[in-house]
Amino acid sequence: MPKTIYLTTPLYYVNASPHIGHSYTNVAADAFARYHRLKGEPVFLLTGTDEHGQKIAQAAAAAGQEPQAFVDRVVGTFESLWKTLDIRYDRFIRTTEPGHVRAVQALLQQLYDDKKLTQAAYQGWYCTPDETFWTAGELAGAAGSDPKGSDPASHAPSGFPLCPVCQRPLESTKEEGWYLRLRAHQDWLKQFVQAHPVFVRPESRYNELKSLLEQPLPEYLCITRPKSRVSWGIPVPFSADHVVYVWFDALLNYITVPRYLERQPNDLWPPAVHFIGKDILRHHGLYWPIMLHELGIPDAQMPTMIFAHGWWRIGEQKMSKSLGNIVDPAAVIGGLLKDQPYAADVYRYFLLREISFGQDGSFSEAAILKRLNTDLGNDLGNLVNRTLSMIDRYCGGVIPERAPVGCAVEDEPLQQAVLGLPAAVDAAMTAIDYSRALEAIMAVVAHANRYIESQAPWKLAKQPEARGRLGAVLRLSTEVLRVVAVMLLPCMPSVSRAMWQQLGLLGEPVRLSDAQWSTRAESRPIAKEHPVLFPRVEVVG
Ligand code: MSP
């Protein structure tokens, strides 16, 4: 049995409902998972929610609810968005699940029993929105680095330093607790990272991790919080006064699920790709491998890749509550795209096509409508519509038989382009480059539209002696549509299914081999109805 491709997304904080940033990681992970399923490979996609910690406790208090009742409510907004966006995950983990809580306690107890933890007092800074500790040394080393792309400033008007990641004022904190050694593992991690050039992708993030490792790491990472300060967390089994630090609890989900909650005969571990955003590279690239190393995971069993994608700005602004520009995907789908029969796929297409995965990008309604009206409406939708309408009009709704002789010289370039498409998409998807995969698909679509223009089936239809040629042109156009439908599936699953069914095929594409060039000669009726896939939306203003 081949090894299951184990993929993870971050666990999202449930202090508020999901936004475009959360949807981005899940759409990307889902498209990757679907591509591998299409290749016939076993895949396990894990997503979920991060439900403990000070930030959630504060949000619950502000909503006047108990933390558990609060998270039970907000988690529904994530589950419902994943349904809307057609995210096909295999397991949804909540960090408040009793099984996860027990597993975290067992792993912590293991570290304690193995004398891997140190008890001490921490004095430093804490960022509650990011739930992250910063030492004075790290703040000095991080000056000027700003993953979220806002202006680096080092101090708030209050005089407190600003978080190097989110630029909000840090709180001074002094608390006693349990610590994991970081510096002691620095040399090991440096060598590991050096020896595994794809441990972090894209390359810019890999270099960022390498440069973080050039500076001395803090001696320790505090992995507990005093109950007196934060009570909403997993109780530490060997200390009644502490709960587990929320990042320690959340990162462990990647191992509690395969090892404790989902045991399968074909063990899922290690993860093939951890999909994350670039702001949480430090947690995944430094703390996580060191935690695993301390837990005795050998180098050969470390996660294969962490892919840290870029950030969406809103227009030219950073997205933030205070600017009031948070993009709610459900509102985009139910508002701007309300008349689209495949609104979720339009949204998915936009996210995956607009920027190369790994880069930052800018979201605007105008940008999404431009992709909808041009790539999807004018190009893909038009190709589907004109081909199927001509089959109705000129061929009685039946795809013409394949010509007994080989391909005409005018057909060859398009046929070659279609034959080369699966390999082009495979290369792009292997490099986790969705925009390149979609670009290759859309290039074939544009090619097919040009082919139809040049072959002008409407003229051939007027010449009785050109009947055979008309059939060949429309047959080739439908072959393009069939291959395109298969290749689009990972990014646009509903559109893929709709195209498949409009072509008169049953169900939906299930295997990459469904994209193989058809050698069958027989003719086949298309669906009676083939409604427009992407109705045009007028851009106002
Ligand atoms: N709970 C932690 C992750 C724990 S993983 C064991 C967390 N949660 S989060 O809800 O704040 O963020 C989750 C993800 O959303 C991060 O990967 C982050 O990069 C991503 N995004 C948040 N805002 C974003 C944009 N504006 N653009 C793209 N992604 C962004 O961090």
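Here are some worked exercises on the protein structure shown above.

The model is predicted, so local features need pLDDT of at least 70 and side-chain atom pairs count only at pLDDT 80 or more, while totals for chains, interfaces and linings use all residues. Residues are numbered from 1 along each chain as its sequence is written, and side-chain values use heavy atoms, with hydrogens and water left out.

**Exercise 1. The whole chain**

Task: Find how many helices and strands the protein chain has, and decide whether the chain is as compact as a globular protein of its length.

Solution:
- Step 1. Begin with the secondary structure: the protein chain has 18 helices and 16 strands. Helices (H or I, at least four residues) and strands (E, at least two) are DSSP runs, numbered from the N terminus.
- Step 2. Next, take the radius of gyration, which is 26 Å and close to the 24 Å that the globule rule gives for 541 residues, so the chain is as compact as a globular protein of that length. This radius is taken over C-alpha atoms, and the globule rule is 2.2 Å times the number of residues to the power 0.38.
- Step 3. Now look at the extent: the C-alpha trace spans about 90 × 55 × 40 Å along its principal axes.
- Step 4. Finish with burial: 57% of the 541 residues count as buried. Buried means under 20% relative accessible area, exposed over 50%, and partly exposed in between (1.4 Å probe, protein chains only).

**Exercise 2. Asn-26**

Task: Locate Asn-26, say whether it is buried or exposed, and find the side chain with which it makes a polar contact.

Solution:
- Step 1. Asn-26 sits in helix α1, which covers residues 20–38.
- Step 2. Its relative accessible area is 0%, so Asn-26 is buried.
- Step 3. Leaving aside residues up to four places away in sequence, Asn-26 touches Thr-9, Tyr-12, Thr-47, Trp-82 and Ile-87. Here contact means heavy atoms within 4.5 Å.
- Step 4. With one of these, Tyr-12, there is a side-chain to side-chain polar contact of 2.5 Å. A polar contact is a pair of N or O atoms within 3.5 Å; within protein, one must be able to donate a hydrogen and the other to accept it, and residues adjacent in sequence count only if both atoms are side-chain atoms.

**Exercise 3. Thr-95**

Task: Which backbone nitrogen lies 2.8 Å from a polar atom of the Thr-95 side chain?

Solution:
- Step 1. Find Thr-95 in the loop between β3 (91–94) and α4 (98–113).
- Step 2. Check its burial: Thr-95 counts as buried because its relative accessibility is 0%.
- Step 3. Residues that Thr-95 touches include Thr-49, Asp-50, Glu-51 and His-52.
- Step 4. The backbone nitrogen in question belongs to Glu-51.

**Exercise 4. Backbone angles**

Task: Which residues are joined by the cis peptide bond with omega of about -10°, and which by the one with omega of about 0°?

Solution:
- Step 1. Recall the background: most residues other than glycine have a negative phi, and most peptide bonds are trans.
- Step 2. Arg-201 and Pro-202 are joined by the cis bond with omega of about -10°. Pro-202 is in the loop between β7 (200–201) and α7 (203–212).
- Step 3. Trp-269 and Pro-270 are joined by the cis bond with omega of about 0°. Pro-270 is in the loop between α9 (253–261) and β11 (273–277).
- Step 4. Turn to phi: Glu-131 has a positive value near 50°, and this residue lies in the loop between β4 (117–127) and β5 (132–134).
- Step 5. Ile-432 also has a positive phi near 50°, and its place is the loop between α14 (412–430) and α15 (434–455).
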